[in-house]
Amino acid sequence: MAVQRAELGPLLAMALMPGESWYLVDSRWFKQWKKYVGFDSWDMFGAGDLSLFPGPVDNSGLFGDPETQSLKEHLIDELDYVLVPAEAWNKLVMWYGCMDGQQPIVRKVVEYGLFVKHYKVEVYLLELKLCESSDPDNVISCHFSKADTVATIEKEMRKLFNIPAEKETRLWNRYMSNTYEQLCKLDSTVQDAGLYQGQMVLIEVKNEDGTWPGQPILAKSSAAASRTFTTSSKSSASSYSSLSATSVITNSGSSNSYGLNSSHLGRGGSGFVCNSYSCRDSVSLSQPGLCGLSNLGNTCFMNSALQCLSNTPPLTDYFLEDKYEAEINQNNPLGMRGEIAEAYAELIKQMWSGRQSHVAPRMFKTQVGRFAPQFSGYQQQDSQELLAFLLDGLHEDLNRVKKKPYLELKDASGRPDSAVAKEAWENHRLRNDSIIVDIFHGLFKSTLVCPKCSKVSVTFDPFCYLTLPLPLRRDRLMEVTLVYADPQRRPVQYRVVVPMMGAISDLCESLSRLSGAPAENMVVTDVYNHRFHKIFHMDEGLNHIMPKDDIFVYEVCKPSEDSSEYITLSVYFREKTVRQSSSTSGTVLFGQPLLISVPKHKLTVDHLYGVVLEQISRYVKLPLAEEYSAACTGKGTCNGSNGVVEAFSALAVDWDSDTRRLLFDEQEAQAFEKHESMLQPQKKKAVVALRDCIELFTTMETLGEHDPWYCPNCKKHQQATKKFDLWSLPRILVVHLKRFSYSRYWRDKLDTVVEFPVRGLDMSEFVCDPRAGSYVYDLIAVSNHYGAMGVGHYTAYAKNKVNDKWYYFDDSSVSTASEDQIVTKAAYVLFYQRRSSEEHTAPSPPQEEYDGMDTN
């Protein structure tokens with residue numbers, strides 16, 4: 001075991017290098033291996049635990065489909081799997097083998113980012129749907145790395161569809177039902193080409209006469225790649241004589257339309273599109289701003305954030321009126337050369353042109369991914385994190401300050417708050433002056449008090465959005481299965497209420513009240529893959545238990561008639577198998593493990609056989625000795641000496657396949673009952689008001705021992721008291737409800753309903769500047785998140801600035817909404833607009849028109 005620790009330690013610390021192969025290992029198996037060899041730092045003697053032999057490397061917990069061995073969606077690094085380099089994987093397989101039939105999960109290291117190079121293992125490959133343009137119904141799914149090139153896709157498609165090497169081809173991606181884009185650059189990577197999960201890619205083969213079957217009308221145009229051609233048939237299926245095409249020049253602010261006529265378009269009559277954003281047929285116009293955004297593959301988070309910003313009137317007006325052009329700062333080292341601002345401006349103009357019901361923000365996403373690698377892939381992200389990046393990126397790209405002066409921070413030193421706040425804001429504007437600061441920035445007042453010398457430190461800091469905590473739940477529901485000491489009773493599943501930050505002992509007490517089993521006789525375990533992944537101590541925190549863990553609580557009775565010392569043993573069931581690859585035999589775990597308690601002086605083979613047989617008597621049909629004499633031929637063998645078992649913490653009951661099939665009742669072994677607590681409807685979740693969250697944010701708190709403040713008077717770190725106050729608020733107030741909580745063991749979403757006003761949010765009472773005016777706000781947009789953390793779906797509600805009506809934006813779909821639909825438990829980021837000083841009363845809501853409009 002010391003050899004294994006020494007050999008794997010340096011390998012696991014290796015840095016990622018582009019092009020290398022790394023392997024996924026189920027984190028549960030890997031944690032068991034670490035315990036077995038004593039790999040963790042807390043194991044001072046490196047002794048390990050011999051009872052925790054991990055067995056063959058088992059990745060079954062990572063598979064969504066055991067047959068195809070495809071990965072589950074939304075697996076999280078370190079939480080669900082660990083990544084090991086190829087050499088480490090080979091050593092693990094050499095030492096332990098791999099589960100029969102399981103293929104290694106190997107992935108490549110790819111490079112992300114334009115300026116800041118960022119390496120990561122590409123766990124999820126991109127699935128593309130491939131077909132020939134002549135036979136679009138014959139679709140073959142293939143997986144590619146984002147680092148693969150378009151040439152790689154073409155080579156694979158030539159092989160799949162038997163296209164000779166001498167034939168000239170071209171590739172098209174389809175991102176809507178009748179919209180195509182040519183993949184012109186064969187050396188572009190899949191990522192740079194903007195291909196997304198599930199996208200259709202067609203290969204077109206040149207005709208013998210030198211024409212292309214799909215679009216002869218464009219054969220003479222070498223500039224086709226820079227224009228948008230959308231063709232639509234207006235005739236019957238048998239005729240393609242009347243067609244029109246619209247060309248949008250994407251590198252200018254205007255568009256020109258002209259007609260193109262052709263006698264035929266060849267097979268299918270489909271047109272092709274090549275431009276930044278997809279355009280639907282331009283005949284029917286839509287209301288400006290009511291433009292959906294196509295989902296490019298898990299990009300609903302981005303679409304939600306963009307719809308909220310698009311419906312922020314002062315920002316959108318700024319871009320639509322081209323005011324940004326004079327303020328682009330291409331030389332700001334903190335900016336993105338103005339490219340984020342330009343990409344955003346182009347997208348906003350598309351969305352407010354009134355010509356499209358939805359666009360595909362592919363070029364915008366590509367630009368964001370170049371500067372922020374965390375958003376470059378196609379995994380689900382956080383809409384608030386994208387908003388934070390986008391507001392900061394737009395600010396730096398549009399910063400009117402070309403050279404930022406150096407400014408020294410000053411403490412308040414007893415000066416009036418108004419003077420210190422004025423100085424802080426002026427200093428902020430000397431370095432940061434943009435439309436984003438004009439619209440979104442406000443000022444915090446932060447007060448720290450030293451508990452020892454009572455030193456008071458007051459600072460004023462700018463903010464772009466308010467992140468408000470939600471009142472935490474004080475308890476949580478857990479589903480556990482109780483295995484009774486009485487072997488004839490089936491296990492029973494319970495739903496128990498336990499303190500959110502409680503201990504294992506709290507779980508046992510709660511379960512005891514429901515079941516009647518004494519809490520002191522309970523042993524709480526996490527069962528995974530037919531073995532005890534972890535046996536908990538009574539004082540361990542419940543935050544170690546995650547919602548997906550299978551928790552089994554065993555009632556282990558210790559008779560009190562004598563003062564004998566008892567030992568608790570884990571019992572595993574193993575089936576003896578012969579590996580096909582070699583003549584050696586092995587074992588595979590099956591069934592539910594047991595916990596038994598035996599007096600130390602009775603640790604003999606005969607006594608253990610009796611205890612185990614009694615425990616499994618409910619689902620094992622015990623044979624008569626003469627009927628199945630072969631069933632118990634191994635009774636005399638045991639890992640001990642002279643028939644006495646050593647005080648190991650685990651023992652195994654080995655079965656041959658025939659005996660298991662004859663005697664072991666699989667159905668009864670897995671049977672359990674549900675307690676009435678599982679059937680009771682769960683309590684309705686509490687509702688909190690937005691003001692409760694604001695008050696919680698402005699409540700004084702004591703800094704934690706790991707987050708102390710350095711007191712300049714005491715010359716040491718102190719656990720000071722800290723209080724936030726609001727000094728001034730911006731025109732557009734962005735409120736982020738902190739629904740997601742993270743810890744080392746726990747990742748959770750708080751789905752509490754927060755009631756927030758749609759009109760007339762009065763923030764005046766929370767602003768501590770005595771000379772401040774009225775701060776009354778009306779809601780203009782909401783970013784929603786449905787589902788659990790790391791998964792789920794983002795949408796948006798937003799108020800159109802043209803007609804003052806509310807709409808619901810769900811990717812490419814836009815539909816009417818009413819005010820009473822907006823306040824839900826899904827609300828995640830709120831956008832409020834401050835009323836102007838002349839507005840003294842709330843504007844009346846517009847008359848809703850429910851015309852069933854859906855612009856998709």
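Modeller: The protein chain has 17 helices and 45 strands; helices (H or I, at least four residues) and strands (E, at least two) are DSSP runs, numbered from the N terminus. This is a predicted model, in which local features need pLDDT of at least 70 and side-chain atom pairs count only at pLDDT 80 or more, while totals for chains, interfaces and linings use all residues. Residues are numbered from 1 along each chain as its sequence is written, and side-chain values use heavy atoms, with hydrogens and water left out.

Biologist: What makes helix 5 largely enclosed by the rest of the structure?

Modeller: Buried means under 20% relative accessible area, exposed over 50%, and partly exposed in between (1.4 Å probe, protein chains only). In helix 5 (residues 300–310), 11 of the 11 residues are buried, so the helix is largely enclosed. Among them are Cys 300, Phe 301, Asn 303, Gln 307 and Leu 309. Of the 856 residues of the protein chain, 48% count as buried.

Biologist: Why is strand 1 called mostly covered?

Modeller: Strand 1 (residues 21–26) has 5 of its 6 residues buried.

Biologist: What are the edge strands of the open sheet of 6 strands?

Modeller: The order of that sheet is 23-22-24-20-21-30, with mixed pairing. Strand 23 (531–535) and strand 30 (673–674) are its edge strands, as each pairs on one side only. Strand 20 (residues 475–483) and strand 21 (residues 492–499) pair in the antiparallel sense over 8 bridges, and Asp 475 stands opposite Pro 499 in strand 21. Helix 12 (residues 504–515) packs on the sheet, touching strand 20, strand 21, strand 22 and strand 24 (551–555); contact means heavy atoms within 4.5 Å. The direction of helix 12 makes about 130° with that of strand 21, where axes are lines fitted to C-alpha atoms, for helices over the stretch in contact, and angles run from 0 to 180 degrees between N-to-C directions.

Biologist: Why is the pair of Phe 460 and Trp 727 called edge-to-face?

Modeller: Rings of Phe, Tyr and Trp (its six-membered ring) pair if their centres lie within 6.5 Å; planes under 30 degrees apart count as stacked, over 60 as edge-to-face and the rest as tilted. Here the centres are 5.2 Å apart and the planes are at 80°, so the pair is edge-to-face. Phe 460 lies in strand 18 (residues 456–463) and Trp 727 in strand 35 (residues 721–728), so the pair ties together parts 267 residues apart in sequence. Both Phe 460 and Trp 727 are buried.

Biologist: How do you know that Arg 660 sits over the ring of Phe 590?

Modeller: The criterion is that NZ of Lys or CZ of Arg is within 6 Å of the ring centre and within 35 degrees of the ring normal. The charged end of Arg 660 is 3.9 Å from the centre of the Phe 590 ring.

Biologist: What makes a set of residues a nonpolar core?

Modeller: Such a core consists of buried Ala, Val, Leu, Ile, Met, Phe, Trp, Tyr and Cys residues joined through side-chain atoms within 4.5 Å. The largest has 54 residues, and Phe 319, Tyr 344 and Phe 364 are among those with the most contacts inside it. Helix 7 (residues 339–351) gives the most to this core, with 8 residues.

How values were computed:
Pairing = 2+ DSSP bridges.
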